[in-house]
Amino acid sequence: TFMPEFQEVKDFPAPCDHLHRLPLFQWGPLLFTRVSGMESPEAFFRRKAGLLAEFGKVVCIGLGYFHPNDDQEPTLRLKVLSGDDEPALLEAFDHLLSTRFDLNKVRFVAHNGKEFDYPYLCRRMLIHHRTLPKPLDLSIKKGWEVPHLDTMEMWGFGDRRYFASLALLAEILGIPSSKEELDGSMTHEVSPCGTLKPPPSR
C-alpha cells in the first residue's frame with residue numbers, strides 16, 4: 001500500500017500494520033465475523049441466539065412486588081407469567097402493569113436489568129408491534145433519567161467494568177438463590193428450541 005503522507009518513513013507500512021483478516025460467514029441474509037475461536041456458526045447461534053432479542057423469545061416473566069394487605073401493611077407478592085405464546089405473555093405483562101400499578105411511579109429492580117432484562121423486553125415487544133408501557137419506554141432517555149434499579153450496578157459502586165453474577169452475590173450475602181439449578185447460560189440446553197434455522201433471505 002502506497003501512502004504519500006509517509007513516503008519518507010522507512011519500512012512503513014510494515015506487514016504488521018495491515019489489518020488482520022477475519023473469518024466471515026453468512027446466516028440467512030446476515031453476515032457475521034469473529035475475532036477468535038473455531039466454533040461453527042450453528043453451534044454459536046444454538047448457544048447464544050436465545051440471549052439476543054432479535055432471535056430469542058420471552059417464555060417467563062417473574063415479578064415480586066409489595067402490595068398493602070387488609071391492614072395496609074406492605075406485603076410481598078410473587079407473580080410468574082409463563083407460556084409458549086409470547087404475544088399473549090407480553091400482553092399479560094402489560095395488562096398487569098397497567099391495572100395494578102401507577103405507571104408514573106413504577107420502578108423495576110433486576111440484576112443486570114439495565115443491560116439485559118429491560119432492553120430485551122422492550123425489543124421483543126416492538127418486534128410484536130406492541131406499544132411499550134410507560135415504565136419501559138426508555139429509548140430516548142439518558143442513563144441518569146432511567147428510574148429503574150440494577151443490583152449489579154449498585155454492587156459495582158461506580159465501577160462500570162465490574163461484573164458479579166446474581167448467584168455469587170446471593171452466596172456471599174447468605175441469600176437463597178433462584179439460580180442454583182438454572183442460570184441464563186444454560187437456557188439453550190433446556191429450551192425446546194427445536195432445529196435452529198437461519199432467518200429467511202429477503
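## Basis of the model

A residue is called buried under 20% relative accessible area, exposed over 50%, and partly exposed in between, with a 1.4 Å probe and only protein chains considered. The structure described here is a predicted model, in which local features need pLDDT of at least 70 and side-chain atom pairs count only at pLDDT 80 or more, whereas totals for chains, interfaces and linings use all residues. Residues are numbered from 1 along each chain as its sequence is written, and side-chain values use heavy atoms, with hydrogens and water left out.

## Overall architecture

The order of elements along the sequence is β-β-α-β-β-α-β-α-β-α-α-α. The chain has 202 residues, of which 23% are classed as buried.

Helix 2 spans residues 86–100 and includes S98. This serine is partly exposed, since its relative accessible area is 43%. The C-alpha atom of S98 lies 7.9 Å from that of P133, although 35 residues separate the two along the chain.

## Positive phi angles

H129 is a residue other than glycine with a positive phi, near 60°. H129 belongs to the loop between helix 3 and strand 6 (149–150), and it counts as exposed because its relative accessibility is 75%.

F157, likewise not a glycine, has a positive phi of about 50°. F157 sits in the loop that runs between helix 4 (151–156) and helix 5. With a relative accessible area of 70%, F157 is exposed.

## Nonpolar surface patch

F157 also takes part in a nonpolar surface patch together with W155, Y162, L168, I172, L173 and I175. The accessible area of the patch is about 730 Å² in total; such areas come from the Shrake-Rupley method with a 1.4 Å probe, and for residues only the protein chains shown count as cover. Helix 5 (residues 166–173) supplies the largest share of the patch, namely three residues.

Patches are built from residues with over 30% relative accessible area and no salt bridge; like charges are joined within 9 Å, and nonpolar side chains (Val, Leu, Ile, Met, Phe, Trp, Tyr) within 5 Å.

## Salt bridges

The structure contains six salt bridges, each defined as a side-chain nitrogen of Lys or Arg within 4 Å of a carboxyl oxygen of Asp or Glu. In one of them, D84 pairs with K57, and the closest N and O atoms are 2.9 Å apart. D84 is in the loop between strand 4 (74–82) and helix 2, and K57 is in the loop between helix 1 (41–48) and strand 3 (60–68), so this pair ties together parts that are 27 residues apart in sequence. D84 is exposed at 60% relative accessible area, while K57 is partly exposed at 38%.

A salt bridge also links K114 to E153, with 3.0 Å between the closest N and O atoms. Because K114 lies in helix 3 and E153 in helix 4, the pair ties together parts 39 residues apart in sequence. Both partners are partly exposed, K114 with a relative accessible area of 26% and E153 with one of 32%. R161 and D159 form a further salt bridge, in which the closest N and O atoms are 3.9 Å apart. R161 is exposed at 79% relative accessibility, whereas D159 is partly exposed at 35%. Salt bridges with shared partners unite K114, E153 and R160 in one network.

## Second largest pocket

By class, the lining comprises three nonpolar, four polar and six charged residues; Ala, Val, Leu, Ile, Met, Phe, Trp, Tyr, Cys and Pro count as nonpolar, Asp, Glu, Lys and Arg as charged, and the others, Gly among them, as polar.

Technical notes
Helix = DSSP H or I, 4+ residues; strand = E, 2+ residues; numbered from the N terminus.
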